[in-house]
Each structure stands twice: as C-alpha cells, then as structure tokens.
Amino acid sequence: MPELGRAALIAALGLVVYAAAAGGWGARAGRRRLVESARNAFFAAFASSLVAAVVLVSAFARRDFSFVYVAEHASRELPTGYTLAALWSGQEGSLLLWFLVLTGAGSAAVALNRRLTTDALPWTVPILGAVASFFGLLLVFVASPFATQPAPADGLGMNPSLQNPYMLAHPPLLYLGYVGLTIPFAFAMAALASRRTDERWIVATRRWTLGAWTLLGFAILLGAKWAYEEVGWGGWYAWDPVENAALMPWLVSTAYLHSVLIQEKKNMLRVWNAILVALAFCLSLFGTFLTRSGVINSIHSFTQSSIGPWFLAFIAVVAAASAALILVRVPLLRAPTRLESLASREAAFLYNNLFLVAFALTVLWGVVYPLLSEAVRGVPVTVGGPYYSFFAVVFGLPLVLLMGIGPLVAWRRASLRSLGSSLVVPASVALATGIALVVAGAGSRPAGLVGYTFASFVLGAIVLEFVRGTRARKALGSETWPRAFASLVGRNRRRYGGYIVHAAVVLLLVGAVGIGGFQTKREAKLAPGQAVRAGGYTLVFLGDRERRSANAEELRARLAVYRGTKPLGEISAGKNRYFAEQQTSNEVAIRSDWLRAQDLFVIADQFDEDGTVYLKVLVNPLVNLIWLAGLVFLAGSLVAMWPDAREQRRLARRFEGAYAPGYTRA
Amino acid sequence: MARRRNPVRLIVALSVAAVLAIFLVYTSFAGGATPSLRPSQLAGHDGDVSLAGKVVGPVRGDAHGAGLRFTLRDVRGTATVPVVYKGSLPDLFRVGRDISVRGRLAGGVFVAETDSMVTKCPSKYQPAAGDTS
Amino acid sequence: MTAAALVLAACLAAAAVLYTAGPFLREPAAEPAPPDAERVRWSEERDRALAALKELEFDHRTGKVSDADYRELVPPLRRRAAAALRALDGEDGVSG
C-alpha cells in the first residue's frame with residue numbers, strides 16, 4: 001500500500017510540473033491546446049493526490065504502524081476520530097493536506113472559470129502548478145508520508161492536549177484558509193502576466209477570497225478557544241509566534257478585501273492590491289513555514305529541520321517573482337482615478353488598509369526579530385505580549401473608529417454636515433455608554449473604558465446604518481418593516497454582510513476588553529473544607545479525587561461553588577497524567593454564567609502530599625462574547641458571500657456581445 | 001481637470017513615517033525585546049534578566065510555599081546556576097527540559113520572578129514520548 | 001503492493017495521461033473569438049458608473065449625502081455612464 005501512495009505522489013508531482021511547464025509555455029506562446037492540457041493535468045493531479053490521501057487515511061484507520069507516519073502520530077488507544085485527524089498532526093501529513101487542498105480548490109476555481117482561465121488568464125494554471133510543484137517536491141523527495149518500517153507494537157500516540165474537538169477542526173480550517181489565499185494570488189498574477197486591466201479576475205475570485213479569509217479567521221478563533229480551555233492559563237491569546245503566524249495573513253487579507261472593493265468600484269489602488277495579494281500569499285506560506293519547520297523553538301532546530309530551508313527559499317522566490325512582475329506592470333496598472341478628498345470613503349478604506357498592514361508588519365517584526373537576532377548576533381531574545389498589545393491598541397483603536405465612521409462617509413467627498421448629523425447618534429450612544437460605565441465603576445480601568453466606548457460607538461453606527469437603510473427601502477414601496485429589511489440586505493449582501501462582520505469584531509473587542517481589563521484573580525492554598533472568595537463567588541475545597549481513564553490518570557480537586565449562600569453546584573479542576581505519552585496536562589474548570597456574562601475559571605496548580613491544593617481562581621467577564629463573535633463573523637460572511645441571482649444576471653449582461661455565443665460564466 | 005499630485009502617495013509616505021516613529025519611541029522606552037542569557041553569561045548582570053537553560057535535578061521544595069529549588073545549566077555547556085522559583089509550574093516542567101525564567105541574581109542564587117517560568121515546548125505536533133533532550 | 005493495487009495504479013496512471021493529452025488527441029475545437037478587451041472595459045466602466053449612481057442615490061436617501069452634494073455629484077456620473085453606453089453602441093453598431 002505505501003507504494004501506491006508513493007506512486008500517486010510521484011504521479012501528482014509529474015502532473016503539476018507538467019501543468020506549470022506546459023501551461024507556462026502555452027500561455028506565453030498562445031497555444032490553446034497546451035493551456036487546456038495543462039489544466040487537465042492539474043485536475044488529474046488532484047485525483048492522484050486524493051489517491052495518496054486515501055492510502056494514508058486507510059493506513060490510519062487500520063492502525064498500520066508499518067507506516068512511520070502512522071506510528072508517530074497514532075496509537076491503539078487513540079479514539080477513531082482523533083486517529084483520522086492525526087493525518088494532519090505531523091509535518092508530512094500537513095504537507096499532503098496542503099497539496100490536496102491546493103490541487104482541489106485550484107481545480108474547482110479553474111473549472112468554474114474555464115473560459116476565463118483558458119482565454120484571458122492562461123497563466124493561472126501554471127502559477128497554481130508551480131506552487132503545487134514545490135509541495136510535491138517536498139512530499140516526494142524530502143518529507144514523504146509513506147516511509148515504512150518494521151511495524152512496532154504500538155504507535156506513539158497523539159499529544160493529549162491536541163485531543164480536543166477544537167484542535168480537531170483547527171488545522172484543516174486553517175489550511176483551507178492558507179491554501180485558499182493561493183487562488184486570488186494566482187488569478188491576480190495571471191492577470192498581470194497577461195496584461196489584463198479589467199476586473200474579471202476580481203469578480204471571479206471574490207467569493208474564494210472571502211471564503212478563505214473567513215475560514216482563516218474562524219480557525220484562529222478555534223485555536224484561541226482551545227488555548228482558553230485546554231492550555232488554560234486564564235487567557236485566550238498569547239501572541240505566540242504560532243498564533244501570530246495565522247494572524248498576519250488574516251490581517252493582510254482583511255486589508256485586501258477592503259481595497260479590492262475600491263478597485264472594483266473606483267478603479268483605484270490597483271498596484272496596491274497586487275502588492276497586498278502577493279503579501280497575503282507570502283505570509284500564508286510563511287505561516288505554514290513557522291508552524292512546521294521548528295524555527296520557533298530555536299534557530300538551531302530550524303537548520304536541522306528537513307523542510308525549513310526549502311520553505312524559506314520558496315518564499316523568497318515567490319516574493320521576488322511577484323515583486324518583479326508587479327514592478328514591470330506598474331505603468332499598465334497606474335490608475336486613471338485619483339483620490340479626491342482625504343475625507344471620503346475611499347480615503348477611509350485607504351486608512352483602514354494602512355493601519356491593518358502596519359499592524360501586520362509590527363507582528364511580523366515581533367516574530368522575525370528574535371529569529372534574526374539569534375541567527376545574526378547569536379543573542380537569543382524574546383518579544384513578549386506587551387509589545388504586541390501596545391501595537392494592537394495603537395493600530396486597533398483607530399481601526400475600530402474607522403469601522404464606525406467609514407460607512408457613514410460618502411464616496412469621493414464627505415458631505416461634512418451630513419457626516420456630522422450621521423455621527424450624532426453613535427457618538428451620543430458612546431457618550432452615554434461611557435458615562436454609564438463610569439457610574440458602574442469601570443472607570444478604574446481607563447483603557448477598558450475607552451475600548452467599551454469605541455465599541456458602543458461602532459455598534460451605534462452599524463445599527464443606524466441598518467435602520468436608515470430599512471427606512472429608505474420601506475419608502476421605496478415595501479409594505480412591512482421585516483420585508484423592507486430583508487429586501488435591503490438581499491440587495492446589498494456585501495455591504496450588510498460586511499456590517500455584520502464589523503459587529504462581530506466589535507463583540508470580539510468587548511469580550512477581549514472584558515477579560516483583559518476587568519479580570520479578577522485570586523490565589524489560595526486550601527486544605528479540604530477551606531474556602532476562597534473571588535468576584536462574588538465562594539469556592540469550598542471538598543477534597544481530591546483520582547480516577548483512571550483508558551489512557552490517563554486523572555487527579556481532580558473537587559470544589560463546591562456558592563454565590564453568597566446560594567449553592568451553584570460542583571466543579572473540578574486538576575491534572576491528567578497520560579501513560580503512553582508520559583505527559584501531564586492542565587485540566588481547568590470553567591463555569592460559564594450566561595446571565596452575568598462571565599466565566600468562573602479555576603486552575604488547580606499544585607497538589608501537595610498533605611492533601612492541600614494550590615488554586616488560582618479567575619473571574620473573566622464577557623469572555624464568551626469572543627466565541628459568539630466567531631459565530632456572528634461566520635454569519636456575516638455567509639450573507640456577504642451568498643450567491644445573488646440579480647448580480648449574476650448583471651454580470652452576464654455585462655459581458656454579452658463581448659464573447660462568442662455559448663459563454664455562460666464570467 | 002488640473003493635474004494634482006496623487007494624495008495617496010503622500011498619505012502612504014506619512015503613514016510609514018508615523019509608524020516608524022511610534023515604533024522607535026516604543027522600543028526606546030519599553031525595550032520591546034528582552035535578551036535571554038545563559039547561566040554562563042549571568043555573572044556581572046545585576047538587574048532583571050531573562051535566563052534560559054536546561055533543568056538539572058535534584059528538584060526540591062514547593063513552588064507555592066518557600067520556593068522550588070533546582071539548577072539551571074547552559075543548554076550547550078556546563079555552567080550552572082542554582083535557581084529558586086515561586087509560582088505556577090508549567091505542565092511540561094521536568095528535569096531535562098529547556099526553560100526560561102525572569103529574575104535576578106542575588107547572592108549566587110538566581111531568584112526568579114513569580115510565575116515567570118516558560119517552557120520551550122517541543123513542537124506541539126511532535127510526540128513527547130521518546131524525548132531525548 | 002498487491003496485484004489489485006498495481007492494476008489500479010496502472011489504470012489511474014493511464015487515465016491521467018489520456019486526460020492530459022486529451023486536447024491534442026481531439027480535433028482542435030473551433031477557437032472562440034477572443035473577447036474584445038475594449039468592449040469588456042467599457043462594459044465595466046458602464047456598470048461602475050451605473051452602480052455608483054445607484055449607490056449615490058441610496059446614500060442620499062439614507063442621509064449620508066446632502067442635497068447640494070447630490071445635485072453636484074450626479075451629472076458627472078451620468079455623463080460617464082452615457083459615454084460608456086455610447087462607446088459600447090459605437091463599437092457594436094447595434095445597441096448592446
């Protein structure tokens with residue numbers, strides 16, 4: 001069986017190399033049949049990589065430990081769900097996942113835009129093929145998932161902290177996001193290569209970009225939820241390089257999503273967009289590199305990693321090639337339209353972009369500086385949370401403000417009086433909220449107060465937008481408010497879906513400020529019968545409890561929770577000791593109070609011989625808004641992405657007559 | 001229409017300058033990156049530093065009581081320094097693990113800041129069993 | 001590798017090669033006329049102007065654009081849309 005997998009990968013590599021080479025030649029020489037053949041080769045490469053994936057999955061399902069990769073990441077006791085997920089828990093498997101998703105999503109994007117990619121953008125397939133060739137080369141020559149060995153009795157198993165539903169979903173969604181960003185990159189570069197100055201590639205890739213960005217953002221939040229529950233230090237985001245690896249491409253693609261809207265509407269910022277999409281793709285490659293090459297641990301483990309140097313070289317090549325292509329096409333792209341006023345919606349989008357990219361670059365510097373310092377000076381340094389939090393505030397707060405002001409400003413030139421009257425409502429809401437919060441005692445944390453005030457400003461602005469829009473729609477003839485609302489959103493899915501996403505960001509901000517600025521923390525060493533009080537809760541230590549599960553020994557401190565004198569039940573926190581993996585994991589107790597909008601979070605830090613336990617008790621206000629924000633984010637993106645029959649008809653009409661009869665898709 | 005200089009370029013240039021300025025101000029005040037020392041480099045450093053090394057036993061004491069005592073050794077080397085630590089112990093802490101703590105040298109012993117220990121976790125995606133570090 | 005897997009692999013490989021070589025084995029399909037780049041650009045320009053008009057009208061209705069600004073901004077957009085429509089008609093000879 002491993003031979004079948006290996007053969008499938010070799011075939012897939014051959015096919016994508018052909019797709020890149022033949023497609024490139026066909027694109028350059030205008031040879032249509034070569035272009036079509038290259039496209040077919042790319043589709044066939046997907047089929048081949050699917051065969052390889054099936055071989056590996058079945059090896060996991062059968063617990064076939066003669067596969068080195070299976071033995072390293074699964075074990076006999078590992079439940080089936082996690083066994084199958086072990087496919088992507090290691091380097092070779094995640095490379096295969098990248099390759100599979102790239103050829104799959106790439107094939108789908110090309111197939112759905114067959115005419116466009118054959119006639120106008122023939123370089124799309126060669127570019128996708130070139131990226132796939134890199135991963136294929138790694139898979140065949142450097143990091144093969146199909147290495148074999150004499151089968152050991154049992155495998156090494158999965159790191160127990162990864163055996164969690166959030167960690168199950170996080171990597172594939174993350175990879176769908178990373179790989180998804182290849183599609184707009186390929187189409188954009190193909191448009192540049194073929195000297196296209198029209199917007200068809202943007203229209204074709206709009207939903208792909210939105211989808212990839214949504215999955216990436218959602219995956220980041222899933223990772224945060226895992227960190228909150230499983231790593232359990234009391235926070236949700238640690239500015240760890242691995243976390244930042246995914247955040248950077250997300251920030252840049254957020255900027256890209258906004259500025260590409262400007263390009264569609266105003267035909268501006270074309271060079272900037274090309275740079276952004278290339279940067280987003282390079283950052284997603286960089287993110288994969290950071291998480292996979294071991295460079296995070298130290299520069300030394302990086303040089304010993306099999307794929308690290310290859311990745312760096314590839315990223316350098318992609319960056320250089322994109323930069324060269326963009327530079328060469330700058331005269332072609334230079335926009336005829338100028339920014340007319342610094343107070344206009346175009347300008348607001350530009351400011352949004354600048355803040356997002358600035359923030360992404362500071363995060364990049366925070367991640368890269370320690371690596372550079374160790375490599376160049378030999379001095380290891382660490383960049384801590386405060387660096388990132390500082391810039392998150394410096395760049396984030398203006399971004400939040402822009403989310404509120406931007407939609408209220410007119411295109412081309414702000415009508416300042418209209419803007420002023422539009423701002424009255426949200427500003428009053430913000431002021432009222434600020435005062436109410438100060439009265440309620442939140443004034444002790446000025447940073448938090450500012451955050452909440454800005455958040456309420458934006459929420460006010462978003463609600464205002466929905467209200468005014470619905471009112472305008474109703475005036476146009478809808479009979480009822482609900483129908484007017486539905487019609488409004490239905491006709492302007494991108495705008496109102498976008499507003500819902502903005503609301504999600506605001507929710508995230510409120511939750512982050514709650515747990516970051518207003519957390520209560522108490523520590524205590526308790527003997528059985530003793531109690532600790534925190535944030536209105538009283539916890540009484542009832543005693544230890546030990547239990548054995550299939551793969552671990554579970555030690556728990558049982559705690560009775562009271563609010564005043566009212567008993568709220570029992571929770572337990574402690575540690576698991578895993579036999580096979582020889583590891584201890586922290587198992588926190590979380591009690592979410594929905595009415596009070598807070599989490600009671602208990603860490604049992606240390607169990608002593610004399611039966612006492614050292615507890616850390618945290619009360620996290622509003623933290624669940626962060627997770628709610630993830631769901632609202634998904635909903636908003638879905639609204640924005642939802643297929644629109646009216647828009648399809650409009651696009652079809654746009655191109656009728658420009659193409660030969662029988663053309664059906666943009 | 002009169003040909004004006006595109007304000008976009010001006011905005012971008014100003015923003016880059018502003019970002020650099022903020023960045024420089026921040027790093028000159030707050031430092032940003034803290035250098036991480038090895039036990040062999042500790043001598044002579046008086047203030048708060050970050051110390052990184054490999055845990056060497058025996059490990060004695062109570063991190064939530066009088067303090068956990070162990071020795072930290074250069075990852076690649078033999079220089080050691082005794083450490084006393086109070087606070088939460090990361091799950092991955094054990095003899096042989098690479099860790100880093102913040103604190104200062106006092107009377108030949110490195111007194112660590114409470115809760116400042118961080119383990120250099122082996123890549124989350126690699127199995128810990130069979131760890132030879 | 002079992003005989004069945006070998007046969008499967010061989011069939012898949014053959015299928016891949018055939019599929020890839022397909023375009024060369026068939027009679028070259030009548031190449032569709034390449035899209036007229038000028039026409040595409042004018043269509044996009046027309047749609048852009050029309051969409052901008054719609055959005056301007058909506059912004060006016062929802063109070064983001066004052067009456068005075070609205071009166072000032074509409075004519076240039078209308079001219080742009082008209083120019084695009086004229087260009088499209090002119091290119092075609094038939095109304096698009």
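This report describes the chains, a sheet and a helix pair of a predicted model.

## Basis of the model

Residues are numbered from 1 along each chain as its sequence is written, while chains are lettered from A and ligands numbered from 1 in the order in which they are written. In this predicted model, local features need pLDDT of at least 70 and side-chain atom pairs count only at pLDDT 80 or more, whereas totals for chains, interfaces and linings use all residues.

The term pLDDT denotes the predictor's confidence in each residue, from 0 to 100. For chain B the average pLDDT is 77, and 80% of its residues score at least 70. Over residues 123-133 of chain B, pLDDT stays under 50, and the model has 24 contacts beyond four places in sequence for this stretch; two residues are in contact if their C-beta atoms, placed from the backbone, lie within 7 Å. Where pLDDT is low, the predicted coordinates should not be read in detail.

## Contacts between chains

Two pairs of chains are in contact, and chains A and C share the most contacts. Chain C contributes 40 residues to this contact and chain A contributes 39 residues. On the side of chain C that touches chain A, the elements that give two or more residues are α1 (3-25), α2 (37-61) and α3 (67-92) of chain C. Helices (H or I, at least four residues) and strands (E, at least two) are DSSP runs, numbered from the N terminus. With twelve residues, α2(C) gives the most to this side.

By class, the side of chain C that touches chain A holds 21 nonpolar, seven polar and twelve charged residues. Here Ala, Val, Leu, Ile, Met, Phe, Trp, Tyr, Cys and Pro count as nonpolar, Asp, Glu, Lys and Arg as charged, and the others, Gly among them, as polar. Chains B and C, by comparison, are joined by no contact, and their closest C-alpha atoms lie 13 Å apart.

## The sheet of chain A

In chain A, five strands form an open sheet in the order β3-β4-β5-β6-β7, with antiparallel pairing; two strands pair if DSSP finds at least two bridges between them. The edge strands, each pairing on one side only, are β3 (531-534) and β7 (583-587) of chain A. On average, neighbouring strands of this sheet are turned by 25° against each other, direction ignored.

Strand β4 (residues 537-548) of chain A runs antiparallel to β5 (residues 552-563) of chain A, and eleven bridges join them. A hairpin of three residues links β4(A) to β5(A), and A:Glu546 has A:Leu555 in β5(A) as its bridge partner. Twelve bridges join β5(A) to the antiparallel strand β6 (residues 566-578) of chain A. Within β6(A), A:Arg577 is the bridge partner of A:Glu553, and A:Ala573 stands opposite A:Ala557. The hairpin of β5(A) and β6(A) has two residues between the strands, and A:Gly564 takes a positive phi near 65° there.

## A helix pair in chain A

Helices α7 (residues 124-142) and α9 (residues 182-193) of chain A pack at an angle of about 135°, with their axes 8 Å apart. Axes are lines fitted to C-alpha atoms, for helices over the stretch in contact, and angles run from 0 to 180 degrees between N-to-C directions. The helices α7(A) and α9(A) are therefore oblique to each other, since angles under 35 degrees count as roughly parallel, over 145 as roughly antiparallel, 65 to 115 as roughly perpendicular and the rest as oblique.

From α7(A), A:Thr124, A:Ile127, A:Leu128 and A:Val131 meet A:Thr182, A:Ala186, A:Phe187, A:Met189 and A:Ala190 of α9(A). The residues of this contact comprise seven nonpolar, two polar and no charged.
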